[in-house]
Every structure is written in C-alpha cells, then in structure tokens.
Amino acid sequence: MLILLETLALSAKVKKTESSFVLAREMERNLSGGFYTLVLNQADQMDRNYPNSRYADQVLNYRAECYYFLGMRNLALKTLFECEDNASTNFFYGRIAFDAEDYKKAEQYFAKAFKLAQKEKSNKANTIAFFYAQSLSKLNDYAKSVPVTLKLISDAGYDYENGRATLMLCEGFYELSRQDRVCQLYEKVSPIFEGFDFEVQRKMLLMSAFSYEKQKNSDKAKELFEKAMTSAVSEDGSEKEINGNEISEFWLRMAIESFANKDYADCSRCLTVAREQLVKESEDFEKINSLMLFYEGALKGKTEGTLAGIKALETNLASIKDYKNTDYKSDFISMLCVLSYDVSDAKKVVDYGSQLESLLDKDDALSQLNTLAFYRYSQILSEKGDAAKAAKVLSSINSNELWVLTSQAIANDEGGISDDAKEGMLNFTQIYQMYPNSKSAYENYVIEQLNKSNPAFANEKKLLELDEGLFYQALAYYMNSNWNACIGSLNAYQAKAGVNNAAGGNNAAGGNNAAADSTDVAATSTADKPMPELKNIPLAYYYLGYAYYQLFNNKASYENFTTASKMLVDKKYAVLKYRALDFSSQCAFAIYNSTPEENEAKQEWLSKTIESLEKAEQTQIPLDQKFEAVSLLSQVYVKNENYQAAEQLLTKYASTGSEKALRCALMAANLFAQQKKISEAEKYYTIASSDKNFPEVAENARYQDALMYFQNEFWEESSQRFYQFRHDFTQSENYGVACYYNALCLAKMDNLNLAIILMQDSLNYKLIPSDEFAAMYQLMKLCRQNEDYAKSITVARKLMKQYPEQSKEENISTQIKEISLLVSGENEKTAKLLNEFVEKGQMSTVEGRRLGFELTKKYLADDSKKNEGLKLLMELISMEKQMDLTQEADVLAGSYYLNGQYLRENSVYQSAAENFLKAAGVYAGFDPENAAKSMYGAIEAFDTAGKIADSAQIYQSAAKQFPNSVWTQRAYSIVKDYLNLDGGN
C-alpha cells in the first residue's frame, strides 16, 4: 500500500510538472504572436497553480515584455527589478531608455544584453544587436556600431528589417569616411536592393553616390544620383544632365525632401554635401546659395529651437541682401514671420508681414509658406483690432501648388456646357455676370474657377446651395493643399448623400471653420427633404483617400482608395481607378513595413497589398501606364515567396514593341535566373535583347544573360556570351567588367595566357574601385598560376600601394612572400605552408610547431629536401618539454614515428625501435590504432636486427593492449615462428 501511495504521489508530481511545462510553452507561443493580455492572464494562472514552478523566472520575463509592449512602462520596470539578470531583462531596460531618448543608458543596457545573448544563445539576439547598433549610432559611436551591425548581418542577412540593418552599416561606414566600404557594400547588396524599404534605398543611394564621387568614379555616382532623384526629370519627361551645380541642386532637393519629412539628420547631411558640391564661380551660384541658406536657417529652427532659427535666418538673409530673387527672399521673410508668431513676437510678425506684402504683387501665386505667413499676419492684425487690414491680407491668399483635375472630376453634365465645348464659348465669368441668378451659370463659373485653380470662393454661402457645392468646395481646399479642410468638406458632402465615410467617419482634427460651417449647412439643407443623388461620391472617396495620404494616415487612406476603386466602374475612370488601387497598395505596404514582426496583422497587410496590386494590374489601361504596379507586384510576390505568381505576371507582359514590355521580359529573365531555371531565363533574355529600338534594355539583358551562365559555372557558354557582348557593345560601361568575367571563364577552361591578356584588358577601362581591385587581384593570381612570378609580384605590390586596406584584408603581403618562395623552387602547397610556418612563430608556438610537423612530412617525402626535413624533425623532438601535450600529443608522437621510419630506412634498427616505442607511448593516451601501428614498427625493427627476444616481448605487450588491431595481427606473422604459442595470438 505504501509503495502504491508513493507511486501515485510521484505520478501527480510528474503531471504537475508536465502541466506547468505545457502552460509555459503556450505562453511562449502567445507572446510571439503578440497576445500580450492573454499571456498576462496565463502568468497569473501559473502563479496560482504552480507557485514553485521552475519556470517562475521565465514567466517574470514574459510579464515584463507584455507590460512593455502594452505601453505600461512603470509596471514593466517594476517587474524587471524582480527578474534575473539575463539578456532579455537588459534588453527591455534598454528599450525603455531608448524610447525615452536616453541613448547613453540604452547603449549600456544593450551592450550587456548583447554579450549575454551570445552566451545564452537567446532568440532575441538579432533584435538586441539591431537596437544596440541603433543606440551606438544615435551616440555617433560608429566605430563600435559597425562591428555590431556586421555581426547582425552575418546572422540575419542584409535584408534584415527590410534593409534597415544594411542602412545602419552604410551610415556607419559613411560617417567614418570609409567611402570605399560604402561602395563595396552597395555592390554587395545591389542584387537584393529592390527588396529594401524605399526610404532605405533612397538614403543608401545618396550615400553611395557621394562615396563613388569621392572615389573619383563620377559615372557610377551619376547613375546612383539619377536613381535616387526620381524627380530629376523635366516636366516634358526628358532627363536632366547632372553635373556641376546641378549635383548641388540635387542634394539640396534631397535636403528639402528630408526637411518636409521631418528627417532633420538626413536634411543636415544632404545640405552639407550640397554645400561641398556648390560651384561658386557660376551664374546660378546666388540662386542655389540663397535657397541653401534658407534651409540651413530653417533647419536650425527645427533642431536648435525657434529663436536660434530666427537668428540664423536673419543672419543668412543679411548675407544675400543684394540678391534680387524675390521668390527666395519672400521665403525668408515668410519663415521669419511664421517663426516670430510661434514665439509670440507680434511686432516682428507685423514687420515681416508688411515686408512680404511689399515683396509680392497682388497677382503673384503664393507658396504654401507665403500663404501661412499671410494667415499668421492676418491673425495678429485681427488681434490688434485692424479687421479691415486683416481682411485685405486674407483676400490675397491663393495657391501655388495646384493639381490639374480631370474633366470627369469637375464637369457638369446636366444643362451646363460640356468640357469639349468650352474653348469656343464665352468664359463662364462673363456668363455668370450676365445671369447672376442662374444656378447653372454659377455652377459653370465655379467649374471654370476650379480649372483656373482659384480657391478664393470656397467659403461662399452661395456655393453651398449647389447640389455638388460641398464637393467643389472640397476641391478648392484640395488644390490649396488644405487637407484637413478638404476632408471636412468631403465628409459633409457624403453626409449630405447619406453615405458613411469609408474610414469610419473620421473627421480630421484641426479642420478650419469653413469646413465646420459647410457641415452645418449640409445638415440644415437636408433636414426636411430626401437625400439627393450626388454624382461625385466615387470621386469624393478618391480625394478623401488622397487627403489622408498627404496627412500620413495610411489606414484611412487605404480604406477610402479601396472604396473609390470599387465605385469607379465607368471606363472613362479607368486611369483614376488604377491610381486609386496603386495608392491603396502603397498605403497597405507602408503599414506592412511599419508593423512589428510579432504582430499577427503584419501578413494581413501584405495580403492587402497584393490584392490592391493585382486589381491595379487588371485595370484595362496600357502597360506603360501601370508598369510601376506590375513591377512592384512582382517584387511583393517574390517577397512572399510566390515565385510562380511573379513568373506568370511578368511573362504575361513580356514582349517587344515597348520599353516597358521589354523590361518585363528582363525582370522575368532575372527571376528565372535567380531560381537557376536556365532555359526559361535564356528565352526571356532573348526577348529583352531583341528590339534594337531600345538598346539600353538589350545591353542589360545580354550582360545579365552572360553573367547567369558564369554564376552557374557554365564556363564555355559564359565565355562565348561575354565575348559576343564585348563585340556588340564596345561603348558599354560594363565592357571592362565583361572582360573580367570573360578572363575568369578562360582561366577555368585552363586557357591562362588568353585569360591574363583579357584581365589586363579589363584594367584599361574605367572600373569602379572595387572592380579594379578584383581585376588586379585576379591578374596577380593568374600570373602566379601561370608561373610568371615576377609579374605576379609586380601586380601584388601595385595592389598594396593603390588599395592598402583591401590588400590587408586579402593578405597580399603574405602572398608576395609565398610567390617569392615559389621563385626559389618550392611548390605551391609547400610555399604556403612554409610561409605560414614562419608567420606563426616557427617552433616557438603551438600553431607553429603543428605547421612545422606538416612541413617536415612534406620535406622528408622529397629527396631534394630530406636534409631540411631531418633538421625540422630533430628540432621538434628536442622541444618535447616545451610542448603542451593537451594540444600537441599527436605532433610529438608523429615526430617520433617519422624518426623511427627514417632510422629504419637507414638500417639503424635499435634507435628506430626506440623511437617507435616512444611514439607508441604517446599515442596510447588518445589514438590506440596508431599506438598499435608504432609497436608493430618496433617489433619489425627488432626482428630485422635479430633481437628476437625484444621483438617477442613487445609483441606480447601489444597483444595484451590491442588484441583486435590489424597491426597486432600483422606483428604475429613476424614472431609466430619463435613464440611458444599454440596457434593464434
């Protein structure tokens, strides 16, 4: 009975342990899924049911993590105090400090977490490394951040966090002035570059372009400038040539973009580069310099405080006081007016507002900054009681950035004048003046004013009497980039029609009074009559989507664009429908990229991205108009590992006749090549290169085709294709690189002489530094392989002079020493071994003695080097007392055995046997088979010398220690005739 009770008690204990284990595993799974509240409930359950569980410390860590992600920082800290000092605990201490922008403290915690994570093999290791590197970057400690980021990338890949880890590494190299490493990094990741976030791509392209320029590779720099500067295209579609001050303008444009996106660190970097590139002795210096001074001052206001910004702008404005460009001077005055308002300096607001009035003519179109300045100026005038002056200032407000609307968005089809007939008619202003009471005349007047981009009538009460008046009012706000007011009017317009807003009825905070007034009018006008059928509801959803898009509300924007795309069914709206779907996919993809990995909604947003892109691709418009969506959809398919869908999409459009169709063929070929589908890739490379009207695509396709065969080690095919490429595209910027790959193919085919000629030829063309280094390095190796040692050393020394850092990484100095040994008659293997033996301290180190032993074996096997081998062997044996037998027992034993062999060959049997026995004694501790073999050598040596008793005695010892060894069996055949044994051993 007692035994039974003990068994039951043990069983209960086991079940209890198993249950706590299951619960802990469930908590871990739920935590990875982001179910933080559920994990906290399970933690309470664990504490109640298993108070002494071995998972108690783990559960505390789970609690702290949940509190952190639920935003309960104080509870997280309190819980962390109770946790063990491990990687996870320190990581969340660091996260809390990082969120508070206390980067010094964060760095200390992350550093500790980083060390512990490596020791504990934590599943948070990559995340810890990412934040550790970020905190170091925030502290400008790039010398430390670079090694951490390199470790992260080696573990997680270059595409970790959509390329943000790679961007950190790039920034680190850039800030350390290692332009060569920036260029190398760009070349390394260029095959997967399109998979990175857009912002990551842009910043890397900027830094890489500048780095190539510093490396004196202007062609590559220009190429990357053009990739980064999507706006570097004229309104007529022609590309601008970027050189001289245009490069400075390019960086200035990037600075302005970063300033608008509130990325002030990037803005500062771009302004610095723009200033460095600016050519003072040029006609447009003053124009560029004045705009640069404006943004340098504005940046100070954002990074050092409003007062510092005002001071900088006033100083910078004074430095260009003789410059007559009113546009830029008005920007200075406008910004000073706005900043003065922000610090409640009414006197300065009035002063700068008055200056702005005198600068601008009444017919001048105002920028958004001018408009804001006039608005602030009018507010101060109103506060001072000068209502008339305030009204006059407000009346001058107009819009500078206007959208050209489609006729479908603003045409009046009911009784009005059609869009097609407008040119032959009187203008609608005159018609309206003749018939001021005509509703139709007024509506057409409104349409004309919208076409003229005049939003000044937006708050007229008469406008709101029109059925579509709220929609026209919204368009006026839209053209004036007043997104909040636009949203307010569109929501009121939808309410008038009894439509719920797709974003859940969101009214943007901060809409002006005009929008609020319009809502009241709508409510009054629809109170006692049925809801009107309004014709612009689909367009209202579209413009709502765009307004939310401008306010960075991706979710609301996605929902409105998606609804608009469903309603825009008329064929005349096909392009607008496509644009709605394209915008919705961008919003969904942005949400996907910003959603943490642990959030279960992340994959859902990727699915929504694909859904929108698929519908965009299906719209009945030409490929040239929807190519961007097709291209992005193929990339998203690949990101989602749906290669078949990507293949089907690209091959659907791959054909000749247009550049976009050829690019689809090229993308399809690259995708097939990536998957090693050679025949399919070859088919589409042929299509992409077949149309002579688009030589750039053809050249790229032919080059990629040859490279595919090289990467798949089809040396002869690749060689032929690179040869043909060089023959057909003699002016290609890839000509030198084609020579390089062609030379490598020939080397693989053992045609060393021609390979060397082509490799030399590649160096006659302008290569980027990393390619030039690679070509020189390969030329050195090819000459060495061809036994042209003098030339190989010459190239190696040139490498060390031109590329000291890369040469150090590739151990060029060591290779020069090896080649010198080859000149003296050593073979390749022995030369490398001998050089390494010398560099590792020869017989003075453990590693050196091990290398010396390998060298000894090679020399003893070569009659011409046998004496050198014997010297090394004797030196090894003499160092027995200096050897660490925990690491070198095999070296010592092997040395004795080699000496035994040498003495045996020279008939010194007694000494040979003694060395064999010494070898056996050392081998016995770790290698029984070699111990038996060594004893066999001693038996055989004594037998040959006629010392039968010694031979028999050693055999008996071997038979006892190693009865099953083949060497003991062989030894028996030697001694059996003089052993008094009755068969067998």
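## A protein built from helices

The protein has 50 helices and 0 strands. Keep in mind as you explore that this is a predicted model. Of its 985 residues, 49% count as buried.

**The whole protein**

- The accessible surface comes to about 49,300 Å², and carbon and sulfur atoms account for 48% of that surface.
- If you take the contacts in the protein with a separation of 6 or more, 57% of them are between residues 24 or more positions apart.

**Helix 7 and helix 9**

- Two packed helices are described by the angle between their axes and the distance between the axes.
- For helix 7 (residues 125-138) and helix 9 (residues 164-175), the axes come within 11 Å and cross at roughly 35°.
- On the helix 7 side, the contact is made by F130, A133, Q134 and S137, while helix 9 brings R164, A165 and M168.
- Sorted by class, this contact of helix 7 with helix 9 has 4 nonpolar, 2 polar and 1 charged residues.
- The crossing of helix 7 and helix 9 is left-handed.

**Helix 36 and helix 37**

- Here the axes of helix 36 (residues 715-728) and helix 37 (residues 735-748) are 9 Å apart, and the angle is about 150°.
- Angles over 145 degrees count as roughly antiparallel, so that is how helix 36 and helix 37 are described relative to each other.
- Helix 36 and helix 37 also make a left-handed crossing.
- Residues of helix 36 that take part in the contact are W715, S718, S719, F722, Y723, F725 and R726, and they meet Y735, A738, C739, Y741, N742, C745, L746 and K748 of helix 37.
- The residues in this contact of helix 36 with helix 37 comprise 10 nonpolar, 3 polar and 2 charged ones.

**Helix 38 and its cover**

- Several residues of helix 38 (residues 752-762) are buried: L752, A755, I756, L758, M759 and S762.

**A closer look at E559**

- You can find E559 in helix 28 (residues 554-567).
- Because its relative accessibility is 25%, E559 counts as partly exposed.
- E559 and A588 are 29 residues apart in sequence, and their C-alpha atoms are 9.5 Å apart in space.

Key:
Residues are numbered from 1 along each chain as its sequence is written. This is a predicted model: local features need pLDDT of at least 70, side-chain atom pairs count only at pLDDT 80 or more; totals for chains, interfaces and linings use all residues. Side-chain values use heavy atoms; hydrogens and water are left out. Axes are lines fitted to C-alpha atoms, for helices over the stretch in contact, and angles run from 0 to 180 degrees between N-to-C directions. Helices (H or I, at least four residues) and strands (E, at least two) are DSSP runs, numbered from the N terminus. A crossing is left-handed if the near helix is turned anticlockwise from the far one by less than a right angle, and right-handed if clockwise. Contact means heavy atoms within 4.5 Å. Ala, Val, Leu, Ile, Met, Phe, Trp, Tyr, Cys and Pro count as nonpolar, Asp, Glu, Lys and Arg as charged, and the others, Gly among them, as polar. Angles under 35 degrees count as roughly parallel, over 145 as roughly antiparallel, 65 to 115 as roughly perpendicular and the rest as oblique. Buried means under 20% relative accessible area, exposed over 50%, partly exposed in between (1.4 Å probe, protein chains only). Accessible areas come from the Shrake-Rupley method with a 1.4 Å probe; for residues, only the protein chains shown count as cover.
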